[in-house]
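Please examine the sequence and the structure shown below. The report that follows describes the fold and then the packing of its helices.

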Amino acid sequence: MSIEVENISKSYKSFTALKNVSLQIPEGELVALLGPSGSGKTTLLRLIAGLEQPEEGRILFNGEDNTNRDVRERRVGFVFQHYALFRHMNIFDNIAFGLTVRTRKTRPSKEEIKEKVHSLLKLVQLEGLAHRYPSQLSGGQRQRVALARALAVEPKFLLLDEPFGALDTKVRQELRRWLRHLHGKLGLTILFVTHDQEEAMELADQVVVMNEGRVEQVGSPEEIYHHPANPFVYSFLGRVNLFRGRVHNGKIKLGEAEFETEWENKAVELPAVGYMRPHDVEVSLHAPLDTAIQSVQAQISRISLLGPIVRLDLKRLDTNEVFEAEMSRQRFLELALVEQGIVHVTFNNLSFYVEEQPSVTPAPTFIPLQVSV
Ligand SMILES: Nc1ncnc2c1ncn2[C@@H]1O[C@H](COP(=O)(O)OP(=O)(O)OP(=O)(O)O)[C@@H](O)[C@H]1O
């Protein structure tokens, strides 16, 4: 089932948790809501489930308006971070719960329930544990029971709120792989909340990046990582270096480094910000022979050996800005780098943004600049 969120706003007293949010989730997709704490992810999930009502906007399932429908009518499967399994019930009864509480008319027979629970236990790979109690399971197993319980009522789609948040890294990784597999098998629309960018990138077909109650960007993991819409998305997805400078007369100047741009507003001088991933910083012992290639000098303040990768903390000699570079261990050994040493760095894949503050909209808009190096 597809989900459509149209111009939703939600406030708690004077605090606006969601500001005019619109979103389209196609049927069968695995979509991540990614954003920092307090960005409105859970609020959006609760509105879609029908646990809260928006002040403005509509929520459509397969094109049908569900905004005023009751939570039960929406038939949504829900799993939260703190797996709220019933402690006094065994696993079988926990999974069967949603079916056994149905009215007599709609309740399946005992035999049907038994069959259903066993097929779900098989699906979540917990056959043989039907008679255990939640306290006798590991965190990862409990979370799979919670998923089985959500699936028992044959929901139209699944909403997962930080489903693996409370678990350790290894179990999280296993569950991620398992959820991806389950999604492939069932073809169900799944919307899950996470603040872990790696989890979103690894699992989702589409990632919705949220910040301060707004949607900043929607795209595939590839799109949002390589073509971030604005500095927030750029910074939120992994480590990043930031350089401040100015754009003027078709040139961006960041300290001694200068880059050509197609910026139309040539006569006006504006502040520009350059962003770059640490692995795009090229470190050499000498300046490039080709003078058209922009490079600056920097001092190595710290070297961190991180298994196959080496990270350098650097300080630019022209601007004193500090930044990071990452390289393979092999390249590091070839260059024989030492702390306090001076190196030449070339900036690859720099993304520039010019910030505009129009008087009408309160939020700044960022114009990505095309650059020719
Ligand atoms: N019932 C409520 N009453 C008042 N404020 C609320 C309520 N629920 C949420 N908020 C506020 O709305 C904002 C968004 O909360 P929400 O739980 O949606 O964020 P989130 O992105 O899911 O954060 P987290 O990752 O920490 O769970 C927060 O600032 C929160 O304090």
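At what angle do helix α3 and helix α4 pack, and how far apart are their axes? The answer is given under the second heading.

## The model and the chain

This is a predicted model, in which local features need pLDDT of at least 70 and side-chain atom pairs count only at pLDDT 80 or more, while totals for chains, interfaces and linings use all residues. Residues are numbered from 1 along each chain as its sequence is written.

The chain has 10 helices and 22 strands. Helices (H or I, at least four residues) and strands (E, at least two) are DSSP runs, numbered from the N terminus. Along its principal axes, the C-alpha trace spans about 80 × 50 × 35 Å. Of the 373 residues, 33% count as buried. A residue is buried if 20 or more other C-beta atoms lie within 10 Å of its own, exposed if 12 or fewer, and partly exposed in between, with C-beta atoms placed from the backbone. Among contacts in the chain with a separation of 6 or more, 64% are between residues 24 or more positions apart. Two residues are in contact if their C-beta atoms, placed from the backbone, lie within 7 Å.

## Helices α3 and α4

Two packed helices are described by the angle between their axes and the distance between the axes. Helix α3 (residues 91–100) packs with helix α4 (residues 110–123) at an angle of about 130°, and their axes are 10 Å apart. This angle makes α3 oblique to α4. Axes are lines fitted to C-alpha atoms, for helices over the stretch in contact, and angles run from 0 to 180 degrees between N-to-C directions. Angles under 35 degrees count as roughly parallel, over 145 as roughly antiparallel, 65 to 115 as roughly perpendicular and the rest as oblique.

The crossing of α3 and α4 is right-handed. A crossing is left-handed if the near helix is turned anticlockwise from the far one by less than a right angle, and right-handed if clockwise. On the α3 side, the contact is made by F92, I95, A96, L99 and T100, and on the α4 side by I113, K116, V117 and L120. These residues divide into 7 nonpolar, 1 polar and 1 charged. For this count, Ala, Val, Leu, Ile, Met, Phe, Trp, Tyr, Cys and Pro are nonpolar, Asp, Glu, Lys and Arg are charged, and the others, Gly among them, are polar.

Helix α5 (residues 139–152) has 14 residues, which at 1.5 Å a residue should span 20 Å; its end C-alpha atoms are 20 Å apart, which agrees. The expected span of a helix is 1.5 Å times one less than its number of residues. Because 12 of its 14 residues are buried, α5 is largely enclosed by the rest of the structure. The buried residues include R142, V145, L147 and L151. Among the elements that cover them are β6 (76–79), α3, α4, β7 (157–161) and α6 (169–186). Just after α5, E154 takes a positive phi of about 50°.

Helices α4 and α5 pack at about 135°, with their axes 10 Å apart. That angle makes α4 oblique to α5. The contact joins K116, L120, L121 and L123 of α4 to A148, L151 and A152 of α5. By class, this contact has 6 nonpolar, no polar and 1 charged residues.

Helices α5 and α6 pack at an angle of about 30°, with their axes 10 Å apart. That makes α5 roughly parallel to α6. Their contact is made by G139, G140 and Q143 of α5 and V171, E174 and L175 of α6. It comprises 2 nonpolar, 3 polar and 1 charged residues.

Helix α1 (residues 41–49) is largely enclosed by the rest of the structure, because 7 of its 9 residues are buried. G50 follows α1 and has a positive phi, near 95°.

Residue A84 is in the loop between β6 and α3. It counts as partly exposed because it has 14 C-beta neighbours inside 10 Å. L270 lies in strand β14 (residues 270–276). With 14 C-beta neighbours inside 10 Å, L270 counts as partly exposed. Leaving aside neighbours within four places in sequence, L270 is in contact with R246, V247 and V354. The C-alpha atoms of L270 and E355 are separated by 8.1 Å, although these residues are 85 residues apart along the chain.
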